[in-house]
Amino acid sequence: MEAYWHAHRNLILGTNPEVVVIESYRLFGHKSKQQIGSSLETPMLIGYLQMICYELKIPVVLQDPSTKTRHTDDVLVKTGILEKRGNKYFYKGELTNLHKRDALRHNLYFNKYGRKKLHANH
């Protein structure tokens with residue numbers, strides 16, 4: 001788990017982003033039983049990333065998971081972010097999975113709606 005976190009830290013250090021967008025985490029009642037006994041690694045990772053960004057003075061934007069539903073795979077293709085070959089999606093020539101495409105959705109949402117708010121608050 002810590003090696004995975006360290007890889008995220010190295011990515012932030014290596015790319016020096018102007019902002020880091022993270023999907024927020026909420027434990028909903030209808031999903032709470034699935035988390036019984038879980039060590040809740042996702043919220044721990046989010047906190048770790050927030051601390052790294054705080055130390056580096058990089059703003060963090062937490063986005064609700066629902067924001068990614070605004071942009072389907074077809075929208076990502078139409079905007080030129082993804083390339084579709086058959087039933088597979090590629091980003092800059094690399095095969096994607098749902099997790100990677102969700103990150104691209106969050107990025108598109110931030111660029112369309114969140115960037116203005118971020119600059120207004122800083």
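Helices (H or I, at least four residues) and strands (E, at least two) are DSSP runs, numbered from the N terminus. Residues are numbered from 1 along each chain as its sequence is written. This is a predicted model, in which local features need pLDDT of at least 70 and side-chain atom pairs count only at pLDDT 80 or more, while totals for chains, interfaces and linings use all residues, and side-chain values use heavy atoms, with hydrogens and water left out.

Although V75 and R105 are 30 residues apart in sequence, their C-alpha atoms are 9.2 Å apart in space.

I81 belongs to the loop between helix 3 and strand 3, the latter covering 83–85, and its relative accessibility of 23% makes I81 partly exposed. The C-alpha atoms of I81 and R105 are 9.6 Å apart, for a sequence separation of 24 residues. When residues up to four places away in sequence are not counted, I81 touches L76, F90, Y91, L104 and L108, where a contact means heavy atoms within 4.5 Å.

The charged side chains come next. The structure holds seven salt bridges, each being a side-chain nitrogen of Lys or Arg within 4 Å of a carboxyl oxygen of Asp or Glu. In one of them, R101 and D73 meet at 3.1 Å, N to O, and this pair links distant parts of the chain, since R101 is in helix 4 (residues 98–121) and D73 is in helix 3, 28 residues apart. R101 counts as buried because its relative accessibility is 12%.

D73 also forms a salt bridge with R105, the closest N and O atoms being 2.8 Å apart. Because D73 lies in helix 3 and R105 in helix 4, this pair ties together parts that are 32 residues apart in sequence. D73 and R105 are both buried, with a relative accessible area of 16% for D73. D73, R101 and R105 are among the members of a network of salt bridges that also links E23, K68 and D102.

A further salt bridge joins the side chains of E94 and K100, at 2.7 Å from N to O. Here E94 is partly exposed at 46% relative accessibility, and K100 is partly exposed at 36%.

Notes:
Buried < 20%, exposed > 50% of the residue type's maximum accessible area, 1.4 Å probe, protein only.
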